[in-house]
Structure formats: structure tokens, C-alpha cells
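Dear colleague,

I am passing on a structure that you have not worked with before, together with some notes on what turned up in it. Please have it open while you read.

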Amino acid sequence: MHTAAYLFICERLIIMKIKRFLLNGFFLTAGAVITNTLGLFFRIYMSSSIGAEAIGLYQLILTVYFFAVTATASGVTLLVTRLVTEAAAKKEACMIKSIIRRCMLTALALSAVVGAVLFFGSSFWADCVLKQPGAAVSLRVLAPSLPFIAVSACLRGYFFAMRQAVKTAGEQLLEQITEIGVFAVLVGVMAPYGIAYACCAAAIGTTVSEAVTAVYSYLLYKLDIRRIKCQSKCFPIKKHLIFIALPVTLSACLRSGLSIIENSTIPAGLQKYGFNHSKALQDYGMITGMVMPLLAFPSVVIFSFASIIIPELSEVYTKSDKGQIKKISSNVLKTVFLFSIPIAVAFFFFGKEIGLIIYGSETVGRYLCMFAAIVPIIYLDSVVDSMLKGLNQQLHYLTYNILDSFIRVVLVTLLIPKYGLMGLITVMYIGSIFNTGLSLLRLVRVAEIKIKLVWILLPLALSTLVFSAIKGVISAI
């Protein structure tokens with residue numbers, strides 16, 4: 001009788017856990033779809049408001065800004081997620097407040113230092129690194145957003161660990177709405193003064209949106225943490241900072257630094273190929289700021305679930321449950337292949353039409369067709385990286401990312417001055433295949449899974465048949 005009752009309780013707990021996972025995934029996906037749809041329309045609005053050249057400049061500005069964000073927050077979310085997940089799994093909920101408080105103070109101190117470097121060194125970054133003097137004003141505007149990002153990163157890790165990812169979806173939606181609203185108000189006033197001030201309008205929108213979402217997340221956290229009634233116990237994070245956050249942060253910063261070199265070299269390489277300064281920025285902005293976001297847009301469906309897989313895998317990894325690790329990893333990979341391959345085929349057959357409809361540009365459409373085959377690779381890369389984080393393999397995937405960035409820098413320097421945009425396309429393909437291949441091999445080894453060829457061939461064959469038939473019908477009309 002007692003055994004039957006115990007089994008019944010275990011079964012109910014498993015069902016509740018699955019329902020909670022699916023519910024969090026659904027709301028996170030719904031929020032991400034809405035947010036990314038707004039983001040796509042924002043890209044369209046930006047391209048029509050400030051033009052491809054300004055978008056190219058802003059993409060360069062973002063490479064330096066993302067380096068600062070990486071230094072501030074790259075390891076914090078993972079650190080909080082891991083520590084809170086382990087504390088909850090070990091029934092040590094009283095440690096959670098101390099974990100959040102100490103991680104947040106550490107992140108805020110780091111963000112203040114990095115923000116000061118970005119603000120006071122803006123001229124150096126703009127003139128010496130990006131070779132774009134107009135970028136300095138936007139970098140100064142973006143610097144104050146870093147403490148807010150630090151707060152949001154900590155609380156995002158908490159919500160992931162507590163399986164309340166729906167709250168992070170609300171944060172992303174609020175951030176996107178605020179950013180669009182501020183940009184829409186300012187762009188008409190600032191854009192006439194030149195592309196530097198047009199970019200500054202976008203930068204102000206980013207900083208304001210980060211401040212708003214940090215306050216929103218903190219209020220949600222304070223409301224949620226009240227349910228932990230026990231007295232907070234001091235949690236030492238020094239060891240975890242060294243073994244989890246520090247390696248992730250340093251490795252991510254190295255990769256981000258290489259990314260700055262890579263991206264700043266691209267427009268210079270295009271100029272050596274024969275483009276003038278304006279044309280180089282336009283094509284760079286078109287590929288990085290218009291084409292790639294459009295290719296990545298459908299990925300919100302699986303990326304949302306990938307983010308909440310981290311605590312799930314972290315939990316089963318803590319319990320050394322190899323069977324569950326293998327099962328979860330196999331199901332996730334199969335889903336990514338079944339989802340991404342038809343999307344890649346759709347972009348290949350209808351890229352030109354999509355480019356005309358979305359941006360009114362045949363050039364964007366041609367690039368969509370040329371980059372279509374990269375879609376499954378970039379989708380797979382992000383999901384596999386998330387799973388490796390949950391399996392405590394962050395050092396391996398970061399090493400692969402650094403190697404990838406180094407190879408890209410070398411190839412950009414060699415190929416783009418000689419082959420122009422075809423060189424850039426070649427670099428992006430080689431880098432993506434190399435990085436994803438290494439990460440996937442590591443996951444296969446750690447999770448002890450096998451990738452079945454049918455996961456790739458079946459969706460490829462069916463989607464090719466369907467979309468080629470649709471293309472034929474449309475052409476015949």
C-alpha cells in the first residue's frame with residue numbers, strides 16, 4: 001500500500017514537472033515570438049528611417065557594446081542559474097537570497113568599472129578600434145546601461161532556475177516596446193544631423209529600455225522571494241565565481257574581442273576590395289543588420305525552450321542521471337533538425353520574394369538565398385551551446401567559440417580584400433560549420449547520444465518536395 005502510494009506521488013510529481021516545463025516553454029516562446037516580431041518590424045522601420053549605411057555603423061557600435069555587456073554579465077546568468085538550481089535541488093532554499101545578493105553586488109561592481117572604461121574610452125574605441133569617429137557619441141550613451149544589464153542578468157538566472165521563465169519573456173517584451181518607442185520619438189529629430197546621431201537615437205532607446213526592464217525584473221523578484229520564509233543563510237560564492245563565472249566571462253570576452261577585430265575589419269576589407277566607405281558600410285549593414293536577423297527570426301520557437309533546458313539538464317547532471325541526459329539531448333537535437341531544415345529550404349526557394357516583401361530589396365533577397373543553408377547550423381549551434389552549459393561543459397564550448405573567432409579573423413583578413421562579399425559569405429559558412437561541429441561532437445560524447453541520419457534526410461526531402469512544388473505552381477500562374 002505504501003509502495004503504491006509512493007509510486008502514485010512520484011508519477012504525479014513527474015507529470016507536474018513536465019506540465020511546468022511545457023507551460024514555461026509555451027509562455028516564453030509566445031513572448032519571444034511577439035518580441036522578435038516587434039524586433040523584425042523595428043529593423044524594417046530602422047532601415048527605412050536611417051538607411052543601410054547607418055545600420056552598418058550601428059552594427060559596428062554594437063560589437064564594442066556587446067564586448068562590454070559580455071564582460072559585465074556573460075557569466076552571471078549561468079552562475080545564478082547553476083547555484084540557485086543546486087540550492088533548490090538540495091532543499092537549501094534559505095541560501096537563495098544570499099546567492100542573489102552576492103552575485104548582484106559583484107556584477108554591479110564589475111559593471112561600474114566596465115561602464116567607466118566604455119564611457120571615458122569611447123573616443124579610443126571609435127577612432128582606433130572601429131575606425132569610425134561617429135561611433136563615440138553612441139558608445140557614451142550606451143555605457144550607463146551596463147549596471148542595469150548586470151541586475152537583469154542576475155535576476156534572469158534566478159527566474160530560469162526557479163522555472164519561471166515566463167517572467168523573463170515579459171521582460172524582453174517590455175524591453176523591445178520601450179526601445180522602439182524611444183527610437184520612434186527621437187529618430188525624426190536626430191537623424192537629420194547625420195548617421196552618427198541617427199545611431200545615437202537607437203542607443204538612447206537601448207539604454208532606457210535596459211533601465212526599465214531592470215526595475216521591472218527587480219520588482220518581480222522581490223514579490224517572488226517573499227515566499228521563502230526561512231532566515232537567509234550566508235552563501236560563499238568565491239569558489240563558484242572562480243570555477244563557473246570567471247572562465248565563462250574571460251573566454252566570452254576573448255571571443256567578443258576577436259569579434260570586434262573581425263567586424264571592424266570587414267568594412268575595411270571591402271574598401272580594399274574596391275568599395276567606397278559608404279558602400280562598404282551599406283553592404284555590411286545589410287548582411288549583419290537585415291539578412292541575418294531575418295534568417296534567425298524563426299529560431300525564437302526553439303531558442304526559448306533551449307534557455308529553460310539549462311536548469312533541467314543541470315538538475316539531472318547533478319543527480320548523475322545519464323539516462324535522462326541522453327533522452328533529453330536526443331529529443332532536443334531531433335527537434336532542432338526537424339524544425340530548422342524546412343526553414344532553410346523555404347529561405348532557399350523564396351528568399352528573393354521574402355526580401356522584396358520585408359525590405360523591398362532584391363539584394364537582401366539574394367543574400368537570403370545564399371545564406372539559407374547556414375540556418376540549421378546557426379540554430380543548432382545556439383541550442384547545443386545551451387545544453388553544454390547545463391552539462392557543466394561551458395569551458396569546452398567557449399574554447400570552440402574562441403577558436404572559431406580566431407579563424408574568422410584570419411579568414412576575414414585574407415579573403416575579403418581579395419573576394420569582397422563572396423569572401424565574407426565564405427568566412428561565415430566556414431566559421432559556423434567549424435564551431436557547431438566541435439560543439440556537437442562534444443555533446444555527443446558527453447551525453448552518449450547518436451545522431452540518426454533520418455533526422456536530417458527526412459525533413460530535407462519532404463520540405464524540398466513541398467516547396468519546389470509550391471514554387472512551380474506560383475511560377476506557372
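At what angle do helix α12 (residues 322-359) and helix α14 (residues 375-390) pack, and how far apart are their axes? In this model, which is predicted, the two helices pack at an angle of about 155°, and their axes lie 8 Å apart. Since angles over 145 degrees count as roughly antiparallel, α12 and α14 are therefore roughly antiparallel to each other, and the crossing in which α12 passes α14 is right-handed. On the α12 side the contact includes S329, V332, L333 and F347, which together with other residues of that helix meet a set in α14 that includes V375, P376, Y379 and M387. By class, this contact comprises 16 nonpolar residues and two polar ones, with no charged residue.

A second pair is formed by helix α10 (residues 277-296) and helix α13 (residues 362-371), whose axes come within 10 Å and cross at roughly 60°. That angle makes α10 oblique to α13, and their crossing is right-handed. Among the residues that meet here are D283, M286 and L295 in α10, and T363, Y367 and F371 in α13. The contact of α10 with α13 has 11 nonpolar residues, one polar and one charged.

Leaving aside neighbours within four places in sequence, R408 is in contact with E262, V427, M428, G431 and S432.

Note on methods. Residues are numbered from 1 along each chain as its sequence is written. This is a predicted model: local features need pLDDT of at least 70, side-chain atom pairs count only at pLDDT 80 or more; totals for chains, interfaces and linings use all residues. Side-chain values use heavy atoms; hydrogens and water are left out. Contact means heavy atoms within 4.5 Å. Axes are lines fitted to C-alpha atoms, for helices over the stretch in contact, and angles run from 0 to 180 degrees between N-to-C directions. Helices (H or I, at least four residues) and strands (E, at least two) are DSSP runs, numbered from the N terminus. Angles under 35 degrees count as roughly parallel, over 145 as roughly antiparallel, 65 to 115 as roughly perpendicular and the rest as oblique. A crossing is left-handed if the near helix is turned anticlockwise from the far one by less than a right angle, and right-handed if clockwise. Ala, Val, Leu, Ile, Met, Phe, Trp, Tyr, Cys and Pro count as nonpolar, Asp, Glu, Lys and Arg as charged, and the others, Gly among them, as polar.
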